[in-house]
Amino acid sequence: MSTGTNTAPKPRKTKPKGRHPHKALSAAFIRSAPPGRHADGNGLYLYVQPSGARSWIQRLVIRGRRRELGLGSVSLVSLAEAREKARSNRKLAREGGDPLAEKRRARGVPSFAEAAVKVVEQQKAGWRNPKYPRAWLSSLERFAFGRIGKMPVTEVTGADIYEVLAPIWHVKPPTARTLRRRMRAVLEWAVAMELRPDNPCDRIGRVLGPHNDVVKHMKALPHREVAAALETVRASDSLPVVKLAFEFLVLTAARWGEVRWAVWPEMDHGEGVWTIPAKRMKAGREHRVPLCGRAVEILDEARRLDGASPIVFARGRGRELAEKQVRQMLERLGIAAVPHGFRSSFRDWAAEETDHPREVVEAALAHIVKNKVEAAYMRSDLFGRRRRLMDEWAEHVSGRRAGSGA
């Protein structure tokens with residue numbers, strides 16, 4: 001018979017087995033509970049802070065992720081109310097829903113128009129053209145806001161998107177595609193904010209049907225007629241700065257937007273180089289343009305017209321030329337081309353009248369090399385060879401020896 005004291009080890013505390021707590025708390029315990037978390041059931045906990053503040057929290061697995069929701073202070077939410085909220089949240093989560101998203105929706109959902117403004121505010125810092133935010137919203141205002149602008153962004157359906165796009169889908173395909181892309185961006189923001197589970201723009205294309213686009217080329221002159229067009233412009237009574245900007249556009253084979261927004265710090269007179277920063281290029285990378293002698297002369301003439309403006313081709317009070325200013329001048333003078341069409345004239349001339357390699361011509365137009373293998377080996381911008389090409393182009397369109405100033 002053992003007469004010593006019982007020295008058997010005490011059992012270790014382990015997590016209780018069996019059913020989870022269910023309505024384990026009471027009103028009396030809530031008032032006197034010590035600091036910590038106290039389980040009630042359905043993932044509901046009473047959280048008592050060291051300061052004595054008491055609130056309800058709920059732990060849930062929502063779409064495979066463990067999340068924690070605040071259900072309010074004990075002083076505002078009773079035990080019965082907390083249990084009902086916890087039960088509803090758990091039921092929604094088990095059905096694949098997201099109580100957190102529901103909570104955000106309950107706080108107030110922006111309208112589609114308000115969400116569009118938020119998208120523009122978020123993205124405009126990355127856009128090259130400062131006028132693009134206004135243009136981005138204007139297409140939505142013209143075609144979409146009348147039907148869905150005031151609707152909560154959570155309630156826009158595929159049927160609504162269809163009603164917006166159907167009238168222009170086959171009549172104005174480029175406009176319709178742009179509009180769909182912008183509406184999709186707004187609804188994708190709502191998905192990211194967990195205000196809605198899906199984006200109806202992703203499915204609407206199959207309902208509207210394919211576009212049967214016919215490629216419409218920009219109106220361009222045959223390259224042999226470009227010199228005569230330049231002479232017509234020089235002899236016209238158009239504004240001097242518009243005439244200079246047009247000639248500079250032709251000689252550099254640049255895009256009209258690149259010429260409109262050109263500023264003096266981009267120009268190196270001594271080296272005859274115009275360096276366009278990446279933020280203003282369609283391809284998003286810096287582009288150096290070799291300037292022939294006449295192009296440098298044009299810069300000098302533009303400086304005499306308004307040297308105080310930071311913009312090279314500035315109209316009154318240092319403002320850039322209007323988007324349609326050169327186009328309207330060409331129409332008035334009966335020149336059957338648009339500004340962008342002179343890049344096509346340059347491309348045709350280079351292919352038909354010169355032996356310059358295709359990659360040199362494409363580099364002069366700042367086109368991206370689409371072949372990935374070729375692009376990987378293209379380390380140079382071929383600047384020296386491009387200068388010879390552009391000097392020959394200037395000679396072709398001006399009737400004088402390029403670079404001579406004669």
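1. Starting with R260: at 5% relative accessibility, this arginine is buried (buried is under 20% relative accessible area, exposed over 50%, partly exposed in between, with a 1.4 Å probe and protein chains only). Its partner is E320, and the two side chains form a salt bridge at 3.9 Å, N to O (a side-chain nitrogen of Lys or Arg within 4 Å of a carboxyl oxygen of Asp or Glu). E320 sits in strand β9 (residues 319–320) and R260 in helix α12 (residues 256–260), so the pair ties together parts 60 residues apart in sequence. E320 is buried too, at 11%.

2. Some housekeeping before going on: this is a predicted model, where local features need pLDDT of at least 70 and side-chain atom pairs count only at pLDDT 80 or more, while totals for chains, interfaces and linings use all residues. Numbering runs from 1 along each chain as its sequence is written, and side-chain values use heavy atoms, with hydrogens and water left out.

3. Next pair: R234 and E247 meet in a salt bridge at 2.9 Å, N to O. R234 belongs to helix α10 (residues 226–235) and E247 to helix α11 (residues 240–252), so this bridge joins parts 13 residues apart in sequence. Helices here are DSSP runs of H or I with at least four residues, strands are E runs of at least two, and both are numbered from the N terminus. E247 is buried at 3% relative accessible area, whereas R234 is partly exposed at 26%.

4. The structure holds 21 salt bridges.

5. For another setting, look at R134 and E141, whose side chains form a salt bridge at 2.6 Å, N to O. R134 is partly exposed at 48%, and E141 is partly exposed at 40%.

6. Now the helix pair. The axes of α7 (residues 158–169) and α8 (residues 173–192) come within 9 Å and cross at roughly 165 degrees; axes are lines fitted to C-alpha atoms over the stretch in contact, with angles from 0 to 180 degrees between N-to-C directions. The two helices are therefore roughly antiparallel (over 145 degrees; under 35 is roughly parallel, 65 to 115 roughly perpendicular, the rest oblique).

7. As for who touches whom, I161, V164, L165, I168 and W169 of α7 meet P173, T175, A176, L179, R180, M183 and L187 of α8 (contact is heavy atoms within 4.5 Å).
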